[in-house]
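I opened a new notebook page for this structure. My plan is to look up a few things and write down what I find.

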Amino acid sequence: MTQTTELPGASEQDEQPHRPRRRALPRLPHRAWSVAATAFVTIIGAAGFASLPGLLIDPLHEEFGWARGTIGFAVSVNLALYGLTAPFAAALMDRFGIRKVIAAALVVIATGGGLTVFMTEPWQLILCWGVLVGLGSGSMALAFAATIANRWFAARRGLVTGILTAGGASGQLVFLPLLSWIVDRHDWRPAAMTVAVAALAIVPLVWLLLRDYPSDVGLAPYGAEGPPAPRPAPRRGAARRAVKALTSASRTGSFWLLAGTFAICGASTNGLVKTHFVPAAHDHGMPVTAAASLLAVIGVFDIVGTVASGWFTDRFDARRLLAVYYALRGLSLMFLPILLDDTVHPPMLFFIVFYGLDWVATVPPTMALCREQYGEDSAIVFGWVLASHQVGAGAVAFVGGMARDAFGSYDLVWYGAGALCAMAALMALVIRRGEDAKAVAAV
């Protein structure tokens, strides 16, 4: 007879019912990504007005008999104010918060766009489209993207900057085919109202989902270590701070090189291609809807190019990236006059893809250089650099219209822009590294 011994507690364990293990809950993405997504959608909504000028030059010229130079001047006021507002908007975001500034900007854009349908004189176009829309869109310019990236992200800033910058191209992709169809089938007034309503519809989204700082929701920036930093106190004197940042940065040669290259960037994109490509293609017999669709395709590849540029900026020398981008852009513009035709052919499609990849690929490395050299004031300094971008865009929007009136062609403008891009490539290579620039500023 054998005796078995029972381990203590074995029977109790056997009698206890089996308890299933708790499954770990899926980890939610950091709140920074939802804030970035809201900013992305907001930039898309405001981008509708950036898509409109090139579509309305011919309709306004035909309906009111206004010279293209006059219409181009209104566009240049819009583009210049878009840039000049940016540094003050960045400082206002530090004072009043991102949500309030962006919501107010969207309302101003919708107001200016809605009032354009009642205009009968050129000064009304300049006031509504140039001043109001320029001020509103300037408050939502790339300085907004820089502020979001600086506050909410300690890692992946280049990638986030590229994604947010691509929001403008995404807006172009969404709005251009629709707006060109509306202008062609109906009138330019319904097109203006469409983008006004779109801008106004974004306001509730901004108010509900956007937050000023990670600490507002008890978080640290994405990629940061340690506990959340306390929310900074509101910084008063927005105008004084913006001017002070400009005064300090202007003592460095790097600021003037960044401003000069970005002015050429604006001249060769928003001022020239976005404003004058559609009428230039129409001069060669291409239908407006076909030309606008090509601009929309540029927007598709712009998204790819800008996001890729953000990824490159996290890994390579930003100065060399800028030099490559400007050199390739200038080369492509030199070939454009011989590619324009009454139909869309393969060489033109190659230009569209090539140019689209390079459209605003310059933004992430330019932002990175501002961050590297100007620290906590980098968003405001970038706002001033962006101002030069828009001044360059405004100048070429006006000069391009004047050249078309004077010579009956845009060819000289394309060649001139190509030469300027070659100059920008050389300027980018001589920008000082961050440490060198700070040492010069200290002296």
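This is a predicted model: local features need pLDDT of at least 70, side-chain atom pairs count only at pLDDT 80 or more; totals for chains, interfaces and linings use all residues.

**Second largest pocket.** I applied the classes here. I found eleven nonpolar, three polar and three charged residues in the lining of the second largest pocket. The space in this pocket is about 200 Å³. Its lining has 17 residues, and R151, Y213, P214, P221 and A229 are the closest to its centre.

**Largest pocket.** I went on to the largest pocket, which has a volume of about 370 Å³. I counted 16 lining residues, with D94, N150, R151, R241 and E376 the closest to the centre. By class, this lining holds seven charged, five nonpolar and four polar residues. Which helices each supply at least two residues of this lining? I noted helix 4 (68-96), helix 7 (142-152) and helix 18.

**Overall make-up.** I stepped back to the whole chain. The chain has 20 helices and zero strands. Of its 443 residues, 53% count as buried. I then looked at contacts with a separation of 6 or more. Residues 24 or more positions apart account for 84% of them.

**Nonpolar core.** In soluble globular proteins, nonpolar side chains tend to be buried together. I looked for the largest nonpolar core here and found 117 residues in it. Which members touch the most other members? They are L60, F144, V273, F277, M348 and W414. Helix 18 (residues 378-407) gives the largest share of this core, ten residues. Leaving aside neighbours within four places in sequence, V273 is in contact with S268, L295, I298, L333, Y355, W359 and W414.

**R329.** I found R329 in helix 15 (residues 318-339). Is R329 buried or exposed? R329 counts as buried because its relative accessibility is 1%, and the cut-off for buried is under 20%. I listed its contacts beyond four places in sequence: C265, S268, T269, Y355, D358, W359, V360, T362 and C421. I checked this list against the one for V273. S268, Y355 and W359 are among the contacts of R329, and S268, Y355 and W359 are also among those of V273.

**Aromatic pairs.** A pair of aromatic rings is described by the distance of the centres and the angle of the planes. The structure holds 13 aromatic pairs. I wrote down two of them. W33 and Y222 form an edge-to-face pair, 5.2 Å centre to centre with 70° between the planes. This pair links distant parts of the chain, 189 residues apart. W33 is in helix 2 (residues 31-51), and Y222 is in the loop between helix 10 (203-209) and helix 11 (238-249). W33 counts as partly exposed because its relative accessibility is 29%. Y222, at 26%, also counts as partly exposed. Y410 and W414 form a tilted pair, 6.4 Å centre to centre with 45° between the planes. Both Y410 and W414 are buried. I also noted a cluster: W33, F153 and Y222 form one aromatic cluster.

I looked up S180 in helix 8 (residues 157-185). S180 has a relative accessible area of 2%, so S180 is buried. Beyond four places in sequence, S180 is in contact with L55, T289 and A292. A290 lies in helix 14 (residues 288-313). A290 is partly exposed because its relative accessible area is 23%.

**L420.** My last entry is L420, in helix 19 (residues 411-429). L420 counts as partly exposed because its relative accessibility is 33%. The C-alpha atoms of L420 and T261 are separated by 9.0 Å. Along the chain, L420 and T261 are 159 residues apart.

Key: Residues are numbered from 1 along each chain as its sequence is written. Side-chain values use heavy atoms; hydrogens and water are left out. A nonpolar core is a set of buried Ala, Val, Leu, Ile, Met, Phe, Trp, Tyr and Cys residues joined through side-chain atoms within 4.5 Å. Buried means under 20% relative accessible area, exposed over 50%, partly exposed in between (1.4 Å probe, protein chains only). Helices (H or I, at least four residues) and strands (E, at least two) are DSSP runs, numbered from the N terminus. Contact means heavy atoms within 4.5 Å. On a 1 Å grid over the protein atoms alone, a cavity is a set of points where a 1.4 Å probe fits but cannot get out, and a pocket is an open set with protein on both sides within 12 Å along at least five of seven lines; lining residues have an atom within 4 Å of a point. Grid points are joined across faces, edges and corners, and a volume is the space filled by probe spheres set on the points. Ala, Val, Leu, Ile, Met, Phe, Trp, Tyr, Cys and Pro count as nonpolar, Asp, Glu, Lys and Arg as charged, and the others, Gly among them, as polar. Rings of Phe, Tyr and Trp (its six-membered ring) pair if their centres lie within 6.5 Å; planes under 30 degrees apart count as stacked, over 60 as edge-to-face and the rest as tilted.
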